[in-house]
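Please read the briefing below alongside the sequence and the coordinates.

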Amino acid sequence: MSKLLDDILVLDFSQFLSGPSASLRLADMGARVIKIERPGTGDICRMLYVSDVKPEGGESTIFHAINRNKESFAADIKEEASLKAIKKLIAGADVVMHNFRPGVMKRIGLDYENVKSMNPSIVYGEISGYGQEGAWSHLPGQDLLLQAVSGITYLSGNSNQPPVPMGVATADIVAGTHLTQGILAALFQRMQTGEGALIQVSMLESLLDFQFEVLTCYLNDGKELPVRSEVNSAHAYIAAPYGIYRTSDGYIAMAMGSVIKLGELMEMDALNKYTDINDWFMKRDEIKRILQERFLQKSTADWLSVLEPADIWCADVYDYKDLLESQSYRILEMEQWVKSQGLKVRTTRCPVRVGGKRFISEKGAPGLGEDNEKITKEFGL
Amino acid sequence: MQLPLKDIIVLEFSQYLAGPCAGLRLADLGARVIKIERPETGEAGRKLSIKNMWVDDSSLLFHTINRNKESFAVDLNREEDLQWLRKLIRNAHIIIHNFRPGVMERKGLNYEEVKRINPSIIYTEISGYSENGPWKNKPGQDLLLQSLSGLTYTTGNKNDPPTPFGLAMGDYLCGNQAAQFIIAALIKAKKTGKGSLLQLSLMESLIDFQFEFLTTYFQSRKLPMRSEISNGNPLLSAPYGIYKTADGYLAIAMMPLSELNEILQLGALQDYREDEAFVKRDEIKAIIARRLLDHPNQYWLDKAAVLDLWIMPVLNWKEMEASQGYQILEMEQRVILNKGKSFLTTRCPIRINKKVLKSDKPAPEVGSGNETIKLFLG
C-alpha cells in the first residue's frame, strides 16, 4: 500500500508542540520530515521533562511522543555556511513550516517572500499565538495563556469554580491540526497550478474555531455569557442530566437523555414533575442534585446494568489504568514501540487507519543533528 | 482567490458534529459539500438546539455546523432515489459518514459497494470506538468518550471529581483529523488515480490527543495527578495554572520560580529549588496564590510585562471581544439567510496567502439541492 504522501519533503523549524504536532501528522501520512534545529540545545522540548520523568538518554517523554518518525538536521542559522546549507535544502523542499513569533523568520531571511524567491512552489506554513498583527502579536504563543484570553476557561467545571483550563495543550493541538489541513490543501492545489502558498494559523483563531458552536450562540443570543451548571457540569449549554455523577464506588457519565425516563428507570418519583422539556435546561441544577443523591446509592456497575439495556447514553469513567486494561482499548492497538538513539520507547500511533491498516513505524525521535551527515551527503550541502 | 478544493464533491452522510464539522472545513476550503439526508426530517442534528435557539425549522446549532453546504434528500428504500444516489456517487470524490458500524452495509453503501461504483472514491468512516470490540455498538457520544478515554482526569483540581472538557473535544478533533486525511488522500488520488478507505474513531482521536500524557504514563506507570490548586496541566510544575488576584484571574505559564519571584518578592518562595517545582508544586502554588490576592490584575501584568514573563489575564468572551487582539482577527462573518435574515458566526481559522476565508452561504433546507443536483447529473 502506498502512503498518502509520497515524495513530500517537509522542513520543520518549529519547536514545542503546535508546529511539531502538525509535522508529526504529515510524517504519519508518509512525508519525510526534517527538523531544523539549533546546535547544542535543539528543540527546547527535548529537555522539557514532565511529571518528573527523565528517561535515560536525555530526551523528555513528550519529545519522544511528538517527534517520532522525523529526522534532525542541526544548523546554526546565524552562521553563513549553515544558512547556505539550509537554503539549498529549501530549494528541494515541498513544505517549510515554523512557529516562531512574527518577525523572527524575516530577520534571518527565511520569511515566505524570501523562501518563495528560492523555491516558487513552496508551501509555507506558520503558526503564531495571536496572528501577525495587533496588540498581542508579539506575545508568546503559549497554550495556557491562549486558553486564558479565548474565554474557553469559562466552559469547564462548575459555576462556583474559578475559570478552569482544559488540562491538555488544546490550543497547540488544534492549531497544529488546522495548519496540517491548510498545508495539505495547498499541496493539493499546487498539483494543479504549480504554485505554492502561504498558510497561516494562530492559536487564538484555532481556539475560536474550536468554540464555534457556543460562540455562534453567544453572538446571536444577545451576548449572554455562558453559565456553567452549579453541580455536575459537563457543558454550559446542555440540559440535565448531562454530566458526571459520583456513585457508591466511583463515577458514571450521563449524556443527554430524557429526565422522565431516567426517573422511571432509577425509581425516583422526585423526577416525575419535570414533564416540561424546557425545565431540563432551566432547572438543571435541581434535577442534577436529585440525580446525584440517587446515584450515590448504588455502584457504577449496578447503574450501568439498569441504564444501558434501556438505551440510556451512559458510561463508566476511566483513568488510564482502567482504560489500558479494557478490551476495547486493547483491540485498537494504539501503542507502538519506537527506537530512538538505541533506546526503545513506548508511545501511541497515528489515530487514523488508511486502507484498513494501522500506521506503525519504529522510527523514533531523532537525536539532535543525528541526520546531518546523511542529509549533507544526499543534498550535496 | 481560487480555493484549493474547488471542483471537489463531498457527500456527507453524517449527523451531529464529528462528520459535519469535517464537511464544513472542506466546504470552507472550496469543496462542494452535499448533505445526503432523509426526506422531510433530514439529519437528526437539525432538531438539536442549544439555548432553544432556532433559525427556521432547524436549530442555530445546525446552521452553525452546516453553513456553506447543499442538501440532497433521498429515500434509501426507493429504487429511483438509489439510482440517483449511485449517479451522484459516480461523480463524487469523497464520502463521509458517521453512522454506527453496520448501518451503511445494510443500505448497500459500504466501502466495497461504493468502490464498485467509483473506484477512486475516498471513503471516510467515523465511529465512536472503531468498528470492532465490545463497545462498537455503544453510542459514540462525546462525553462518554471523554469519560472512557481518561481525559476527565486531566482537568480540574486533585480533589475535584473527574472534570470533562466543556466542549465536544472528541467530535471536533476527530472531524478535523478526518478533514486532514481526506485532503491527503485527495493528493494520493490525484497522483495515482486510486481512492482510499479512511477510518477514524473518537476514541483513537482522544487517545492521540493525550499522546504526551500516555507516552509519559507508559514510561512511568504513574497516573497523572492534577495539582491541588490551580491545575493547568497535570504534567507540569508550579507555577503553571490560573490564579485569583484582587480583582480577577491571571494565567501563569511555565517559568523558573526565581523569575516569577522577581515580581512576587516572596521570601517563602526562595526556599524552593527549581527542581522541586514539580514534587512540591501544591505547596508552592498555595504560596503563589496567597500572594497574588494582594493586588489587582493590572498591577501584576505591568510588572510581568517589564520582564517579559509568560502571564496573561483570564478573559470571558465580553472582555475578549473588547480587546484589539480579538478585533483585528476579523473572526466573525455573517451568514445570509433567505427573507433578509442573517446571523453571525465564526469563519474558517486558516488563512491562505494572507486572506481570510469567508462564505455567507447558509445551511440548506432538506432536499433544497435536489433539482439542481439532478440537472447536474443529467
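Predicted model: local features only at pLDDT ≥ 70, side-chain atom pairs only at ≥ 80, totals over all residues.

Residues are numbered from 1 along each chain as its sequence is written, and chains are lettered from A, with ligands numbered from 1, in the order in which they are written.

**Chain A overall**

- Chain A has 16 helices and twelve strands, where helices (H or I, at least four residues) and strands (E, at least two) are DSSP runs numbered from the N terminus.
- The C-alpha trace of chain A spans about 80 × 50 × 40 Å along its principal axes.
- Of the 381 residues in chain A, 56% are buried, a residue being buried if 20 or more other C-beta atoms, placed from the backbone, lie within 10 Å of its own.
- Among the contacts in chain A with a separation of 6 or more, 67% come from residues 24 or more positions apart; two residues are in contact if their C-beta atoms, placed from the backbone, lie within 7 Å.

**Interface between the chains**

- In chain B, 116 residues are in contact with 113 residues of chain A, and the largest share of the side of chain B that touches chain A, 14 residues, comes from helix H7 (residues 169–192) of chain B.
- That side of chain B has 66 nonpolar, 36 polar and 14 charged residues, with Ala, Val, Leu, Ile, Met, Phe, Trp, Tyr, Cys and Pro counted as nonpolar, Asp, Glu, Lys and Arg as charged, and the others, Gly among them, as polar.

- An open sheet of seven strands with mixed pairing has the order E12(A)-E6(B)-E5(B)-E4(B)-E1(B)-E2(B)-E3(B), and two strands pair if DSSP finds at least two bridges between them.
- Its edge strands are E12 of chain A and strand E3 (70–73) of chain B, each of which pairs on one side only.
- Strand E12 (residues 353–354) of chain A runs antiparallel to strand E6 (residues 196–201) of chain B and is joined to it by two bridges, with B:Leu198 as the bridge partner of A:Val354.
- Strands E4 (residues 94–97) and E5 (residues 122–127) of chain B run parallel and are joined by four bridges, and B:Ile94 has B:Ile122 as its bridge partner.

**Helix packing in chain B**

- The axes of helix H1 (residues 18–28) of chain B and H7(B) come within 7 Å and cross at roughly 45°, which means that H1(B) is oblique to H7(B).
- Residues making this contact include B:Ala18, B:Cys21 and B:Leu26 of H1(B) and B:Tyr172, B:Ala178 and B:Ile182 of H7(B); by class, the contact has nine nonpolar, three polar and two charged residues.
- H7(B) also packs against helix H8 (residues 202–209) of chain B at an angle of about 95°, with the axes 8 Å apart, so H7(B) is roughly perpendicular to H8(B), a term that covers angles of 65 to 115 degrees, whereas under 35 is roughly parallel, over 145 roughly antiparallel and the rest oblique.
- In this second contact, residues including B:Met169 and B:Leu173 of H7(B) meet residues including B:Leu206 and B:Phe209 of H8(B).

**Burial of H1 in chain A**

- Helix H1 (residues 18–28) of chain A is mostly covered, with eleven of its eleven residues buried, among them A:Ser18, A:Leu24, A:Arg25 and A:Asp28.
- H1(A) is followed by A:Gly30, whose phi is positive, near 115°.

Terms used. Axes fitted to C-alpha atoms, helices over the stretch in contact; angles between N-to-C directions. Buried ≥ 20, exposed ≤ 12 C-beta atoms within 10 Å, placed from the backbone.
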